[in-house]
Amino acid sequence: MKTAIVTNFNIYDKAYAALRVADKLHELGCDVVVGSFNRDKIARLKGEMRDYIGYIPIEEIYESSDIIAVLGGDGTILESARRAAPAGIPILGINLGRIGYMAELELDELDRLSEVVGGNYTHDKRMMIKVDVSDRDGRKKFSSYAVNDAVISNGSIARIIDLALYEGGSLISNYRSDGIIISTPTGSTAYSMSAGGSVVDPRVDCICVTPICPHALGSRPIIFPKTAEIEVKNICQREKTIFLTLDGRVNQEISFGDTVKITRSELETCLIRIKNNCFYSQLRKKMNLDV
């Protein structure tokens, strides 16, 4: 089994944790690889070079690995999940963050890696969204994917913007707000939930739209079916540009008249699950809802 390890090797705690995972996987008979740009970072850790680790270009990690073990918080897992989706490579999240909602293992549970190597796990398939940006003349400017959400906002300036929301070509509403969040069910427990959106079971295929601090009494989150074709048009004339952010990582400027189109993607995120935790027990645990 060719297993890739992804983490931020610039942070010593994460680098040492990654090497612990590498040692365990090697003991279990796996071929362990990391991105070639990390070789010098590992070399800076005195006495920690491993002869068995293979170094390959980062593109190959997301094309040829059997499994990708990602150490970090949800942001790191999201980034890897988005890059691994085109090849259908499953992600094993190992939590080194604060919440680690998408992670399956904690660092003190590495003995359970034997279950992964032995094939004793399931695939948790998660819906993704496709995001396209076109200018006022209909020319495509940008296209990408998101696991959690697409957020349209004013960036670092705390000032309301004007947006128009459409579905299937029909106007739903105009918003004066700090922005709008379009999320998957997976992303419903992230920024969307903080903004007052509904929590959605990931087994439900839908698209959630949540305005951010709308300046209106009647603005509410809306849940659309998986077949929805959602468009958000920038109708804000006061700002030169606003911003589209995908999964908190990818950023794109949106000019006046641009339209952001969001549809269900043909790609899916594949998460490795070993434990029998259901969505609701994970929600209680990670969100500290148990009393």
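This is a predicted model: local features need pLDDT of at least 70, side-chain atom pairs count only at pLDDT 80 or more; totals for chains, interfaces and linings use all residues.
Good morning. I begin with a strand pairing: strand β15, residues 230-234, and strand β18 pair in the antiparallel sense, with four bridges between them. Within this pairing, Val 232 has Val 260 of β18 as its bridge partner.

The chain has a mean pLDDT of 93, and 99% of its residues reach 70 or more. Confidence is highest in β15, at a mean of 98, and lowest in helix α7, at 78. I shall return to that helix.

Let me stay with β18 for a moment. This strand spans residues 259-273. How many of its 15 residues are buried? The count is eleven, and the strand is accordingly described as mostly covered.

Strand β16 covers residues 241-246, and Thr 241 belongs to it. Is Thr 241 buried or exposed? Its relative accessibility is 19%, and because the cut-off for a buried residue is under 20%, Thr 241 counts as buried. Setting aside neighbours within four places in sequence, Thr 241 is in contact with Asn 154, Glu 253, Ile 254 and Ser 255.

Strand β17 consists of residues 250-255, and Val 250 is found there. Val 250 has a relative accessible area of 23%, so it is classed as partly exposed; that class lies between the limits of 20% and 50%. Which residues does Val 250 touch, not counting those up to four places away in sequence? They are Arg 82, Phe 142, Leu 244 and Thr 245.

Arg 284 is 34 residues apart from Val 250 along the chain, and their C-alpha atoms are separated by 30 Å.

That brings me back to helix α7, residues 279-286. Its buried residues are Phe 279, Ser 281, Gln 282, Leu 283 and Lys 286. The elements that cover these buried residues include β5, at 91-95, and β6, at 105-106. Helix α7 is, as I said, where confidence is lowest in the chain, at a mean of 78.

Thank you. I am glad to take questions.

Key. Residues are numbered from 1 along each chain as its sequence is written. Side-chain values use heavy atoms; hydrogens and water are left out. Helices (H or I, at least four residues) and strands (E, at least two) are DSSP runs, numbered from the N terminus. Buried means under 20% relative accessible area, exposed over 50%, partly exposed in between (1.4 Å probe, protein chains only). Contact means heavy atoms within 4.5 Å. Two strands pair if DSSP finds at least two bridges between them. pLDDT is the predictor's confidence in each residue, from 0 to 100.
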